[in-house]
Amino acid sequence: MSDASSELAERIRRSDVRWVRTDSVVLDGPVVGKHLSARKFADALPDGTAISEIVLGMDLGGTPYLGWWNDWRPQALGDIIQRPDPTTYVELPDHPGTAAVFCDLATVSGDDLPICPRSLLRRLDGELARRGLVGRAAFEIEAFLFDEPASAGRRRHWRDLTPLGLPAPIGYLHQNTRVQRRYLDAVLARLEAIGVPVEGFHDEAAPGQIELNLDPAALVTAADHVIRVKQTMRDVALEQGCSVTFMAKPGPEYGNGLHVHHSLTQRGAALFHAPGGQLGDVGRAWLGGLMATLPAAVSLLAPTINSYRRMVGFAAAPTVASWGFDDKSAAIRVVGSKPTSARIECRVAGGDANPYLVLAAVVAGGLAGLDGGLEPPPALGVAGWGLPPTGHPHLPATITTAAAALRADTSLRAILGESFCRHWLLTRDWEWLMFHTTGGDPASPLTDWELDRYFEVV
């Protein structure tokens with residue numbers, strides 16, 4: 001047993017913890033696992049405990065991916081392992097006697113599962129480390145708050161809900177934040193207690209919309225923090241009798257994004273610093289890779305049918321494959337005039353995206369740029385909304401065209417791994433099929449099918 005696992009087992013035995021919640025994140029983003037007795041959890045360290053692999057075999061509506069297996073598994077339904085990461089263990093302030101820990105998903109023989117999002121990001125972080133590079137990231141989390149409890153929302157198919165705030169779509173309005181403070185105070189206190197640092201929060205541009213900005217952290221930790229923020233926000237909404245959603249486009253107003261800022265250093269030097277407006281060789285190659293792979297990355301950044309309702313002109317989401325210095329209309333934004341703040345922001349991902357896969361797509365794109373010595377195209381230079389397709393390559397606008405772009409991109413697939421990409425693309429085909437065969441209407445505006453499928457779980 002590793003030192004970390006031994007220390008955790010001893011800590012649990014000396015504590016008042018009676019139950020440990022094992023948290024694993026599946027492809028579409030839901031958190032799955034068990035509540036184990038403290039004794040059972042500690043005795044199973046470091047290997048972890050079994051869970052049915054059906055958690056990887058169902059879509060967001062609970063329908064099994066019939067017949068869709070992968071090369072790491074037999075043609076039968078069996079177990080996989082939740083392997084705990086001892087560094088993520090926290091005692092939950094809202095449930096005395098209960099703790100939580102993130103777990104990677106592994107085969108029964110202990111090998112990483114290629115379709116485990118957390119393991120995938122951890123592997124890519126290791127690729128950076130082997131090159132002497134250190135990545136850090138910070139997410140911006142957007143969400144909508146509504147007055148009605150979940151039970152009322154379900155009865156209405158999540159329509160005609162009352163925003164928690166003024167009906168006017170005015171961003172950064174302190175008057176709205178005041179209305180939301182009871183909810184936010186509970187969320188922020190709980191996040192502080194479990195060690196998730198929040199840099200700031202503010203009212204967003206749509207009625208009832210808020211944004212939380214997280215502190216920079218190591219890559220896997222940054223994605224872990226997003227999951228814990230979402231868990232906490234959902235828990236507090238349940239307790240206070242209101243509703244929260246991270247769905248990309250739950251109504252006619254601006255949608256929810258999941259912007260991510262990331263930085264790269266080597267021996268302490270900031271590689272994305274652009275003195276005089278010019279990136280260095282590593283920064284340019286990284287940016288070149290992000291731009292070359294961006295159309296393919298959209299499949300991971302915009303994973304649902306609903307994702308693409310957000311990605312329309314003049315609705316704050318990027319629609320053109322573009323980059324710029326401090327340009328919020330571009331898909332990729334280079335930010336920071338000082339080495340300590342130098343970073344690149346990816347503004348494409350929707351609030352429904354899996355944060356591990358968002359960062360995996362970003363890191364894989366950057367690595368592709370480093371490996372190929374790629375150069376970025378010219379900066380956008382103009383407002384990026386409403387541009388004609390001629391001369392301005394548009395991002396994929398549907399779940400199927402995004403999947404086609406990923407199928408056609410060999411560099412991103414090579415770094416993400418063929419086994420992962422094959423499985424992911426089949427699940428996107430499946431999502432399209434479910435929409436067209438179980439109640440969705442491709443010719444319709446926002447459908448009940450999308451609201452019922454995505455509002456609570458993405």
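Let's start with the second largest cavity: helix 7 gives the most to its lining, with five residues. Keep in mind that this is a predicted model.

Helix 7 spans 281–301, and helix 9 spans 355–372. Each of these two helices supplies at least two residues of that lining. The volume of the second largest cavity is about 60 Å³. Who lines it? Find Leu290, Thr293, Leu294, Ala297 and Leu301.

How many cavities of 30 Å³ or more does the structure hold? Three.

Now the largest cavity. About 100 Å³ of space lies in it. Here helix 6 gives the most to the lining, with four residues. The lining residues include Arg21, Asp94, His95 and Arg190. Arg228, Gln231, Thr232 and Asp235 are also among them. Sorted by class, the lining of the largest cavity has five charged, three polar and two nonpolar residues.

Stay with helix 6, residues 219–240. Its partner is helix 3, residues 117–130. Two packed helices are described by the angle between their axes and the distance between the axes. For this pair, the axes come within 9 Å and cross at roughly 155°. Angles over 145 degrees count as roughly antiparallel, so helix 3 is roughly antiparallel to helix 6.

Which residues make the contact? From helix 3, Arg118, Leu121, Arg122, Asp125 and Leu128. From helix 6, Leu219, Val220, Ala223 and Asp224. By class, this contact of helix 3 with helix 6 has five nonpolar, four charged and no polar residues.

Terms used. Residues are numbered from 1 along each chain as its sequence is written. This is a predicted model: local features need pLDDT of at least 70, side-chain atom pairs count only at pLDDT 80 or more; totals for chains, interfaces and linings use all residues. Side-chain values use heavy atoms; hydrogens and water are left out. Axes are lines fitted to C-alpha atoms, for helices over the stretch in contact, and angles run from 0 to 180 degrees between N-to-C directions. Angles under 35 degrees count as roughly parallel, over 145 as roughly antiparallel, 65 to 115 as roughly perpendicular and the rest as oblique. Contact means heavy atoms within 4.5 Å. Ala, Val, Leu, Ile, Met, Phe, Trp, Tyr, Cys and Pro count as nonpolar, Asp, Glu, Lys and Arg as charged, and the others, Gly among them, as polar. On a 1 Å grid over the protein atoms alone, a cavity is a set of points where a 1.4 Å probe fits but cannot get out, and a pocket is an open set with protein on both sides within 12 Å along at least five of seven lines; lining residues have an atom within 4 Å of a point. Grid points are joined across faces, edges and corners, and a volume is the space filled by probe spheres set on the points.
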